[in-house]
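Morning, everyone. Let me put the model up, and then we will go through a cavity, a metal site and some salt bridges.

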Amino acid sequence: MTAQLQGASDAALQEAFDAVIARHDRIEPRDWMPEAYRKTLVRQIAQHAHSEIIGMQPEGNWIGRAPSLRRKAILLAKVQDEAGHGLYLYAACETLGVSRDELVELLLAGKQKYSSIFNYPTLSYADVGTIGWLVDGAAICNQVPLCRTSYGPYGRAMIRICKEESFHQRQGYELLATMVRGTDEQRAMVQESVDRFWWPSLMMFGPPDTDSPNSAQSMAWGIKRNSNDELRQKFVDMTVPQADALGVTLPDPALRWNAARGHYDFGPPDWDEFAAVIRGDGPCNAQRIAHRRAAHDEGSWVREAATAFAARTER
Ligand SMILES: [Fe+2]
Ligand SMILES: [Fe+2]
């Protein structure tokens, strides 16, 4: 093909892509897409997949110490769901031409990120409830709009994931609602846990819009549907009445209803702390990656056996 013809066909491909985005339709794996779109998706979906897998650790910490068989069964199911979410998302990412092995390597080498929230420790069983309520709650606010994301495999994975995340949020709320009906000590445990997780939950939406350089392009591509600040506001508006119903105080003196805006006003999270956690200096960053690396190494015989079995079955 001459350079001129190539140029003309590239323009036609770009035009077809733009038309799909403009009518809010889906881009599928075999469709042409701009390289920057593909790269952005790989980064975002991988980061999301890693978050699901690393996110198993803070709660997994309590499976062996659940206060009853019922709580243990619920927590086990929840943590297993997160493993499943990781798998759907790695599979969605593989449709963009990267392998799961490569993505795992990038995570272990610290070259791809996961959500900052999972670098905080879980210090009491109330944290299981708070994570379900606030962390899965924030995840739902982030993820429901992603069900309409422009990349087909990602959007379809998100539809399944969101159904399970709403179960996670309810189980967290139900655990806290049970604890606040208990002893003074249990109520104090819930409040202490909410005090620790409130601000990191707000940070899950990412930096303020004025400080989020890639957001505009992601929104233009239909990968992202709402800005960080819009989603953070939505989460606060949804959560304050739930906190009132539980009888817990959210640790923000600036939090109050603004009738003129029709939203709650709230104070800014500590963005220096957020930057430190992203940089790797959060309370549990090193521990999370060391644990994941050990689990990956210890699981190598399973991967080898599964590969050998698949090869033999094929023969
Ligand atoms: Fe999840
Ligand atoms: Fe979840």
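Start with the largest cavity, which is lined by Arg 71, Ile 74, Leu 75, Tyr 125, Val 128, Gln 171 and Leu 175. Before more detail, the ground rules. This is a predicted model, where local features need pLDDT of at least 70, side-chain atom pairs count only at pLDDT 80 or more, and totals for chains, interfaces and linings use all residues. Residues are numbered from 1 along each chain as its sequence is written, chains are lettered from A and ligands numbered from 1 in the order in which they are written, and side-chain values use heavy atoms, with hydrogens and water left out.

Back to the cavity. Cavity here means a set of points, on a 1 Å grid over the protein atoms alone, where a 1.4 Å probe fits but cannot get out; lining residues have an atom within 4 Å of a point. Grid points are joined across faces, edges and corners, and the volume is the space filled by probe spheres set on the points. How many cavities of 30 Å³ or more does the whole structure hold? The search finds 1. The volume of the largest cavity is about 30 Å³. Its lining splits into 5 nonpolar, 1 polar and 1 charged residue. For those classes, Ala, Val, Leu, Ile, Met, Phe, Trp, Tyr, Cys and Pro are nonpolar, Asp, Glu, Lys and Arg are charged, and the others, Gly among them, are polar. Helix H4 gives the most to this lining, with 3 residues. H4 and H7 each supply at least two. Helices are DSSP runs (H or I, at least four residues), numbered from the N terminus.

Next, the metal. Which residues coordinate the iron ion (ligand 1)? Glu 52 (OE), Glu 82 (OE), His 85 (ND1) and Glu 165 (OE) do, at 2.0 to 2.2 Å. Donors are N, O and S atoms within 2.8 Å of the metal (3.2 Å for Na, K and Ca); water is not among the atoms, so sites may look incomplete. The sequence spacing of the donor residues is E-x29-E-x2-H-x79-E. Glu 82 also bridges to the iron ion (ligand 2), and the two ions lie 3.3 Å apart. His 85 sits in helix H4 and Glu 165 in helix H7 (residues 152-180), so this pair ties together parts 80 residues apart in sequence. His 85 and Glu 165 are both buried. Buried means under 20% relative accessible area, exposed over 50%, partly exposed in between (1.4 Å probe, protein chains only).

Last, salt bridges: a side-chain nitrogen of Lys or Arg within 4 Å of a carboxyl oxygen of Asp or Glu. The count is 14. Take Asp 136 and Lys 78, with N to O at 2.8 Å. Asp 136 is in helix H6 (residues 126-143) and Lys 78 in helix H4 (residues 69-94), so the bridge links parts 58 residues apart in sequence. Asp 136 is buried at 4% relative accessibility, and Lys 78 is buried at 1%.

Arg 196 pairs with Asp 127, again a salt bridge, with closest N and O atoms 2.8 Å apart. Arg 196 lies in helix H8 (residues 184-203) and Asp 127 in helix H6, so 69 residues of sequence separate the parts they tie together. Arg 196 is partly exposed at 23%, whereas Asp 127 is buried at 0%. Shared partners also make one network of Glu 59, Lys 78, Glu 82 and Asp 136. Note Glu 82 there: the iron-bridging residue again.

Key: On a 1 Å grid over the protein atoms alone, a cavity is a set of points where a 1.4 Å probe fits but cannot get out, and a pocket is an open set with protein on both sides within 12 Å along at least five of seven lines; lining residues have an atom within 4 Å of a point.
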